[in-house]
Amino acid sequence: MKNVLATILLFVLMSHCTSRDNNPVTIYLIGDSTVANYAVNYGEGQDYYQKKYPKTGWGQVFQELFTASELNNFKPLIQADSVIVDDRARGGRSTRTFFQEGLWRSVYENLKEGDIVMMQFGHNDASVKNPERYVDIEGYKEFLRLFTTQTFEKKAKPIILTPVARNYPWKDDHLENVHGEYPDAAFEVADELGAYFIDLNKLSMDYFSKKGRDFVSKNYFMNLPKDKYIAYPDGSSDQTHFQPEGAMAVAKLVFEAMKVLN
């Protein structure tokens, strides 16, 4: 009888562990158009390839990096055998408008213990000429604090990212910071609250600088010739948003940075 009970107990414990390990971690991405998934979140019923391609957010290609063989490299940040990337980022949003439009609430209500929230804002917060988006430094920090503390409340893990670099200004063949005080403000909130932090602004500036201005302008950013893409018959000169190759380059920067978070 004792052996039977022991076998049953062992089975229950193994089932519990297996269930826990198989429960996927969801990585929620919140932020602006540089993070967004254009293939899913833009224009219901519209063909992405007709309307937006090749514009690609780095979050759009993030899922494919999380292969089973890579997950062991993320412990203890991720303790699961699978990951679901849920990209909630939207174009034109600042920290304030992401909150006011209820986009954060929909993330918060679904957060579970062990999930991850990666937040990258700043492009639109700094847009002084667009008062419907603009958020000053103190307001930016307050909304990051809100997202971070509420993530902690759910026993989930916040990761604050500085805004990814734009393709200007260049000085002596090196890409410089265009985001003013917002990257420092993001660091200050992460440091204050004990959140994970990735300085994507610096990572991307340094990486793009190594690749060179001509290369990233042609291959990474949305600088397109006329009549090559259906969605851009007149071409494009966009130093903020990414082509697929640029989106993947940024996604890999974030992916590798996550491995060394502690």
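Leaving aside neighbours within four places in sequence, which residues is Ser204 in contact with? They are Val164, Ala165 and Leu253, where contact means heavy atoms within 4.5 Å. This is a predicted model, in which local features need pLDDT of at least 70 and side-chain atom pairs count only at pLDDT 80 or more, while totals for chains, interfaces and linings use all residues. Residues are numbered from 1 along each chain as its sequence is written, and side-chain values use heavy atoms, with hydrogens and water left out.

**Overall picture**

- The secondary structure comes to ten helices and nine strands; helices (H or I, at least four residues) and strands (E, at least two) are DSSP runs, numbered from the N terminus.
- Of the 262 residues in the protein, 49% are buried. Buried means under 20% relative accessible area, exposed means over 50%, and partly exposed is in between, with a 1.4 Å probe and protein chains only.
- Among contacts between residues at least 6 apart in sequence, 73% join residues at least 24 apart.

**Confidence**

- The average pLDDT is 91, and 90% of the residues score at least 70; pLDDT is the predictor's confidence in each residue, from 0 to 100.
- Over residues 1–21 pLDDT stays under 50, and the model has two contacts beyond four places in sequence for them.
- Where pLDDT is low, the predicted coordinates should not be read in detail.

**Nonpolar cores**

- A nonpolar core is a set of buried Ala, Val, Leu, Ile, Met, Phe, Trp, Tyr and Cys residues joined through side-chain atoms within 4.5 Å.
- The largest such core has 47 residues, and the members that touch the most others are Trp58, Phe62, Phe66, Ile78, Met118, Ile198 and Met258.
- At least two residues of this core come from each of β1 (25–31), β2 (83–87), β3 (116–120), β4 (157–161), α8 (200–211) and α10 (244–259). The most come from α10, which gives ten residues.
- Apart from this core lies another, of 24 residues, including Tyr28, Ala156, Ile160 and Val189.
- Not counting residues up to four places away in sequence, Phe62 touches Leu29, Val85, Met118, Ala251, Val254, Phe255 and Met258.

**Ile27 in strand β1**

- Ile27 is placed in strand β1, and Ile27 counts as buried because its relative accessibility is 0%.
- Beyond four places in sequence, Ile27 is in contact with Phe66, Ile78, Val83, Ile84, Val85, Asp86, Ile116, Met118 and Met258.
- Ile27 and Leu111 are 84 residues apart along the chain, and their C-alpha atoms are separated by 9.6 Å.

- Helix α6 (residues 137–153) has 17 residues and reaches 24 Å from its first C-alpha to its last, close to the expected 24 Å. The expected span of a helix is 1.5 Å times one less than its number of residues.
- The buried residues of α6 include Ile137, Tyr140, Phe143, Leu144 and Phe147.
- Those buried residues of α6 pack against β1, α4 (95–100), α5 (103–108), β3, β4 and α7 (182–193).
- After α6 comes Lys155, whose phi is positive, near 60°.
- Helix α10 has 16 residues and reaches 23 Å from its first C-alpha to its last, close to the 22 Å expected.
- Among the buried residues of α10 are Ala251, Val254, Phe255 and Met258.
- An α-helix has 3.6 residues a turn, so residues three or four places apart point the same way.

**Polar contacts and loops**

- A polar contact is a pair of N or O atoms within 3.5 Å; within protein, one must be able to donate a hydrogen and the other to accept it, and residues adjacent in sequence count only if both atoms are side-chain atoms.
- Ser204 lies in helix α8 and counts as buried because its relative accessibility is 0%.
- The side chain of Ser204 reaches the backbone oxygen of Leu200 at 2.6 Å, and a polar atom of the Ser204 side chain lies 3.0 Å from the backbone nitrogen of Ala165.
- Asn37 lies in the loop between β1 and α2 (38–41), and Asn37 counts as buried because its relative accessibility is 14%.
- The Asn37 side chain reaches the backbone nitrogen of Ala39 at 3.0 Å.
- Gly180 is in the loop between β6 (174–175) and α7, and Gly180 is partly exposed because its relative accessible area is 47%.
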